Amino acid sequence: MEATETERPERPEPPALRIVLPGWLAALRSPVLLGAALLIVVSLVLRLLILRDSYFVEDDLLFVGDAYRSDLTLDFVTRVHKGHFMPGALALTWVLSRIAPYDWLLVAGVTFVAQALLSVLALRLLRMLFGTRPAILPLLALFLFSPLTIPAFGWWAAAINAVPLQLVLVLALTDQVRFARGEGTRYGRHALAWCVVGMAFSTKGVFVTFLLFALTTAFLREREKGWITSALGEVRRHWRLWSAHVMVLATYTVLYLARMSTAPGEGASVPDPGVTADLLSLLLGRTFPSGAIGGPVDWAPTPTGGLTAPSDALVAVSWAVLAVLLVITVRYRRRALRAWLVLGGYLLLADAIPTVIARGNYTSLVGLESRYVADAVVVLMICLGLALLPVSGESGAYRRALPAPSSLVLAAGLASGAYLMLSLISIGAYRDTLTGNHVRTYLETVAGQLAAAPDNVVIYPTPVPDDIVLPVNGERRLSSHLLAPLARPTVRVRMAHPEPSEDAKVFNREGRLVRMSIFGFLATRGEGEQCIRTLDGTAFFPDAVSFGGKATAGALVYISDRPVSVTVQVGEERIVLSLQQTSGGLIHFPVTGVGKGMKIVMDDPTAPLCMTGVALGAPVAEGEQLS
């Protein structure tokens, strides 16, 4: 019997499981992109720590107070604030303030999201210019970890200028690169639109156009020709686009000049030569160069964070490093000098000169504020890249053969490591200067006091403490302006228009509502007398002086056997007070009149009224004096 093999049916192959990753996630398989992602994540973690330790300070409070004084009108957003014409920034602060006044989580969240977007877009710009190569990682790290950008990031009033401007620089350059490479004229229009956005958030936005033109003619189009020849050719070929840029700049300038009167005494002025020289020396001679290599390491504490305080040794090292970079890049890289000239021109035209015009008439210390050169870090990243690397599609970029790749990797690694070490030290030292908890505690106390106050509370305006908002801000630092947003609407109105009251309140230095007193002129009954003397029901106090304004008030201490009425006259103002029957009453009343001398007239000269004390001056917390 012959054995036969039984045929078995073939078993089907199990289905293969395939997981398709999103394009952005699949791209992280690239070591360069993975490294870039890690740099971005670490830098954002550091910035989260900065935001955690920061809080509203100085101008931040002014913006919130302004948001509750005005509607979102064209007149409001186009006013000039301390020399800044920034309708977009004012509109943003108005919206966020109306959503939730003094909500640090809200504004910090907006700042953080903008920074995260900026970090990713900066990486995209570097890849577009130089390709996805390891050499872009040090450039990205230079931008992400620059201590020069940290103070402006953690201070909301500076962040609404600095972060959008950096975003605009990156986005405008990205579109300009695509336009210059012939990908479509629409990208040229997009770059122009980003310039307009930049102007809406910062006066420095006017210089983005000049940066685009300089980089386009130096590196993006006809770079092999002379720079002047390339510039003339660019204007000739694309005159409509650049004419549109000029028209936008002219319109912005006219609007700025027309609205300067909305901020009298602020903004542009004739600089003092001595102050100007010192300011430029500090800003361009110490702050920027030390920050460019990861400094300043040390900071001088201020209410808004810190001023750069680099040592002389660090400044000398920074200049030596920049000089070596200049010599090496010019020696090896064709057109490297153009990149350094663009960087120097931007620092001078966009950062130094506007700062001198706005601040050069009173103090040179602003040259130690890194926020005035925070935007230049984007330009430093791009120009250093152009001085070192060929742009995509560029041939013959180097004058001579480069050193061995291993030597270049070692040099780049050591330089990047030293930069990151100094940057982390500088950022940590800056965090130590932050005092956000002080203002946070004050505002939280105020909010609690206002929530507990009755609807009929009478709160007189007083200046917030000097360490919250400086006296230079005048009436804008009054509690009726800065603290009213924390009150419910009924109380907010009463804070703006206090009425005569037997139980007037003010905020003390800790933010608590306490009884009110008057600091200034005081008259009492004479020795051995029961009442202040009157003549035919009139008392006159020639030494009383009123400067008017919202932070002026009077007080009257009296005894009366029945309700009576008196009229107080200060300057051209007349205030009618209804006094109650009391054996020892005190009434406070607002005074807006300006003049010397105060008259109190009893409407009924025969009324049984005995005045035992009269005061005129500034409202203060009981037991406190004006600082």
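# Briefing: a predicted protein chain

Ser364 touches Val275, Asp278, Leu279 and Leu282, leaving aside residues up to four places away in sequence; a contact means heavy atoms within 4.5 Å. This is a predicted model, where local features need pLDDT of at least 70, side-chain atom pairs count only at pLDDT 80 or more, and totals for chains, interfaces and linings use all residues. Residues are numbered from 1 along each chain as its sequence is written, and side-chain values use heavy atoms, with hydrogens and water left out.

**Ser364**
- Ser364 sits in the loop between α16 (336-359) and α17 (376-388).
- Ser364 counts as buried because its relative accessibility is 18%. Buried means under 20% relative accessible area, exposed over 50%, and partly exposed in between (1.4 Å probe, protein chains only).

**Overall build**
- The protein chain has 21 helices and 13 strands. These are DSSP runs, numbered from the N terminus: helices are H or I with at least four residues, strands are E with at least two.
- The radius of gyration is 33 Å, well over the 25 Å that the globule rule gives for 627 residues, so the protein chain is more spread out than a compact globule. This radius is taken over C-alpha atoms, and the rule is 2.2 Å times the number of residues to the power 0.38.
- The C-alpha trace spans about 135 × 95 × 50 Å along its principal axes.
- Of the 627 residues in the protein chain, 51% are buried.
- Among contacts with a separation of 6 or more, 77% join residues 24 or more positions apart.

**Nonpolar cores**
- A nonpolar core is a set of buried Ala, Val, Leu, Ile, Met, Phe, Trp, Tyr and Cys residues joined through side-chain atoms within 4.5 Å.
- The largest has 145 residues, and Phe130, Leu140, Phe288, Ile382 and Met495 have the most contacts inside it.
- Helix α9 (residues 156-180) gives this core its largest share, 17 residues.
- Another core lies apart from it, with 26 residues, including Ala539, Val564, Val568 and Leu579.
- Phe130 touches Ile136, Leu139 and Ile382, among others, not counting residues up to four places away in sequence.

**Helix α7**
- Seven of the nine residues of helix α7 (residues 136-144) are buried, so this helix is largely enclosed by the rest of the structure.
- The buried residues in α7 are Ile136, Leu139, Leu140, Ala141, Leu142, Phe143 and Leu144.
- Their cover includes α2 (31-53), α6 (104-130), α9, α14 (273-292), α17 and α18 (405-431).
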